[in-house]
Amino acid sequence: MRSAGALLLLSALALVSACNDNQPALPPAAETKEKLTRFEFTVGGVRYAISLPEDAGMRDQGTDGVIFYEHKRQRRQRVMLLLAAPQKPGLDFDQQYLMRDESGRPDRKRADRVVHYRHLGKSEGGSGGAIEDIAGRVALGQHVLFLECSDQGEWSISPTWCLQYLDTLAIVPPASSGN
């Protein structure tokens, strides 16, 4: 009888253990890829393209730069400027972002695709909440753009939101004349 009780106890423990540890795994969550829109623009005589969220807008500032903006909600605004010359000259950049390759990994082999930037801090932003900014220098091969990025929100803000989109920044080759 004693061996039957021990066998019953071991069976119960095995059943409980199977219920807790060997639950069928849930299927992986679907990847949420946001829809992006390609924008083309010219700064300093060079034609560029970048992909940004489809609800973003663009204001061309002539040859000096371009402004991209995104209103996430009524009181949340994100702005990115790509400029031919810095608005805050002489700024030291203390952080670095390696632009990613097609696989999403930092492109460590290409030192010519890098963003050097600095957090400029928070400021009062009015009814939409605080604003936080970064300023930087974007190296894309031999070409350089100057970056300013800001995020405004009541709860959480991240001025580095724009860095991931710089991965898509590319120089648009001139159209061939077809002769």
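Asp 94 and Arg 118 form a salt bridge, with their closest N and O atoms 3.5 Å apart. A salt bridge here is a side-chain nitrogen of Lys or Arg within 4 Å of a carboxyl oxygen of Asp or Glu. The pair links distant parts of the chain, 24 residues apart: Asp 94 lies in the loop between strand E5 (76-83) and strand E6 (95-98), and Arg 118 lies in strand E7 (residues 113-123). Strands (E) are DSSP runs of at least two residues, numbered from the N terminus.

Arg 118 is partly exposed, at a relative accessible area of 27%. Buried means under 20% relative accessible area, exposed means over 50%, and partly exposed is in between (1.4 Å probe, protein chains only).

## Basis of the values

The model is predicted, so local features need pLDDT of at least 70 and side-chain atom pairs count only at pLDDT 80 or more, while totals for chains, interfaces and linings use all residues. Residues are numbered from 1 along each chain as its sequence is written, and side-chain values use heavy atoms, leaving out hydrogens and water.

Searching the whole structure gives four salt bridges. Glu 40 takes part in a salt bridge with Arg 38, where the closest N and O atoms are 2.9 Å apart. Glu 40 also meets Arg 47 in a salt bridge, at 3.6 Å from N to O. Through shared partners, Arg 38, Glu 40 and Arg 47 are joined into one network.

Arg 38 counts as exposed, at 53% relative accessibility. Glu 40 is partly exposed at 32%, and Arg 47 is partly exposed at 34%.

Terms used. Helix = DSSP H or I, 4+ residues; strand = E, 2+ residues; numbered from the N terminus.
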